[in-house]
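Biologist: Please put the model up, and then we can go through it residue by residue.

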Amino acid sequence: MSTMTLTRPEATQVDLAERSPRRRLRLKRHWVLLGIVVAYVAILAIRLRNTAFIDEALYINAGHSYLAHWFDGQPLGDAGAFFSGLPTLYPVLAALLDSMGGLYLVRVFSLTCILSAAFLMYSTARHLWGQRGGLLTAATFLLSGPVVYMGWLGTFDALVIAMLALGLWVGLTRSGIPSAVLLAAVLTLAALTKYTAGVFIPVVLAATLVFGTRGMLRAGIATGAVVASLATVWMFWGADIGRDLAFTTTERQALSPTGTGELLGLLTDHLGLLILLAALALFLMFRERGWRLPVLGLGLVLASMMLPIGQMILGEAVSFEKHLAYSVLMLSLPIGWSLARVSRYPLMVTPVVLTIMIMALFPLVRADSMYRWPNVAGVVEAISSDPQPGLYISSATDSIDYHTRAIPDVSWETTFELYYGGEDAVRDAVKNERYQSVILRTSSVGNAEQDGLQAVFLEALDSSPSYSLSFEPFPASPHNPDDRWLIYSRH
């Protein structure tokens with residue numbers, strides 16, 4: 001059976017359809033509805049407020065270091081080491097955007113990537129199953145807390161999600177041999193931008209093989225080109241990539257160890273409804289004639305669980321909620337198909353509309369709750385009020401460093417570097433008055449070992465005649481009254 005038999009007739013007869021005034025009116029209505037969803041999601045994203053997240057600051061700072069190294073000859077140091085993607089790709093792009101429009105423009109770029117991914121998923125589903133399938137697929141993708149959160153976070157992920165959506169669009173809607181080369185280029189770039197994206201390369205290639213036009217030939221060409229491209233990159237930068245890949249992915253140690261039950265609860269909170277809809281989609285797909293549609297749906301649903309299950313096995317809470325946006329991307333196609341199919345049953349349009357309206361409620365709460373990292377505005381204001389030259393250290397070094405780059409003669413070290421040496425190194429640093437200022441929080445950092453070393457650090461500071469609190473403790477987060485900033489300064 002060909003792929004053509006699995007698509008709605010109007011999806012393969014666009015010219016005839018668009019000659020119908022009624023059809024053109026329906027198309028305009030779908031575009032209006034899609035525009036409403038896009039505007040709603042954009043408003044939800046833009047209204048999120050906080051200072052730079054540690055990952056945002058880390059990538060932007062590293063990108064600026066690379067630009068200064070390339071154009072001014074400044075020492076590069078360890079900028080970009082142990083990143084989850086090539087530091088010369090997204091971090092440099094983010095630094096360029098930051099130079100033009102600050103953190104706001106970096107986040108606008110992420111939102112643009114997420115909205116682009118939505119339009120690509122709309123176009124893909126519309127090509128396969130018609131306009132209603134396209135609209136419901138895009139709505140499923142956009143109306144999710146992790147996706148809205150990702151849309152206003154300046155990290156690798158929004159760009160990579162857009163690349164994966166582009167890969168699915170090329171694989172499932174194009175037919176020429178050049179499209180296979182384009183598919184390979186997109187997937188290669190996605191994997192280099194964020195190494196974790198590599199796990200989705202086989203998924204997109206398999207979708208192309210199973211459901212794409214001339215799928216076997218195009219998927220074969222794309223596979224060969226991806227392997228050749230990645231092998232070439234490995235020949236030149238394999239040592240650095242291998243080190244970073246091991247640290248961030250293959251040999252990763254949990255930075256914030258969390259039990260499986262708690263992570264499963266987060267998965268259910270964010271994706272519970274989508275998982276139920278995905279189960280319905282698979283039930284309906286396996287009732288269809290032919291094998292291609294159910295295989296596509298099953299593959300995408302299984303792919304959506306790869307990252308959350310991997311992090312559950314590792315017991316890692318860091319980035320768990322953020323990575324659920326990849327799951328939503330994979331789930332959106334089968335769910336969009338199933339909602340479109342159900343809506344054609346008698347009296348079922350209203351339940352489908354109600355389902356979408358329920359989906360729309362989740363980002364209102366979920367995105368906000370994910371955007372609640374410690375705010376460093378008060379710390380930045382304190383440092384700027386009386387900047388003293390010297391070495392500073394903090395558990396939020398990257399974020400504070402980003403917001404205080406303009407202050408001269410101030411350098412930074414992370415607590416991770418200090419804690420690596422153990423308790424003796426912590427006590428010696430205080431005894432030797434190594435730091436001009438020490439900036440810590442009263443709450444847990446999410447890692448028992450680091451919490452223990454921070455307790456040692458605070459004890460040493462409190463007992464040292466050389467350090468004292470330069471400001472009264474003040475809130476680090478409006479949502480946690482017990483989380484306060486402590487700023488110690490050397491006399």
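Biologist: In which helix is L276 found?

Modeller: This is a predicted model, in which local features need pLDDT of at least 70, side-chain atom pairs count only at pLDDT 80 or more, and totals for chains, interfaces and linings use all residues. Residues are numbered from 1 along each chain as its sequence is written, and side-chain values use heavy atoms, with hydrogens and water left out. Helices are DSSP runs of H or I with at least four residues, strands are runs of E with at least two, and both are numbered from the N terminus. On that numbering L276 falls within residues 260-285, which is helix α11.

Biologist: Is L276 buried or exposed?

Modeller: Buried means under 20% relative accessible area, exposed over 50%, and partly exposed in between (1.4 Å probe, protein chains only). The relative accessibility of L276 is 61%, so L276 counts as exposed.

Biologist: How many Å apart in space are L276 and V376?

Modeller: In sequence, 100 residues separate L276 and V376. From C-alpha to C-alpha, the separation in space is 39 Å.

Biologist: Is T193 buried or exposed?

Modeller: T193 belongs to helix α8, residues 177-193. Its relative accessible area is 2%, so T193 is buried.

Biologist: Which backbone oxygen does the side chain of T193 reach?

Modeller: A polar contact is a pair of N or O atoms within 3.5 Å; within protein, one must be able to donate a hydrogen and the other to accept it, and residues adjacent in sequence count only if both atoms are side-chain atoms. For the side chain of T193 the distance is 2.7 Å, and the oxygen belongs to L189.

Biologist: Where is the place of S319?

Modeller: S319 is a residue other than glycine with a positive phi, near 70°. Its place is the loop between α13 (306-314) and α14 (320-343).

Biologist: How many helices and strands does the protein chain have, and why is it as compact as a globular protein of that length?

Modeller: The secondary structure comes to 20 helices and six strands. The radius of gyration is taken over C-alpha atoms, and the globule rule is 2.2 Å times the number of residues to the power 0.38. For 491 residues the rule gives 23 Å, and the chain is as compact as a globular protein of that length because its radius of gyration is close to that, at 25 Å.
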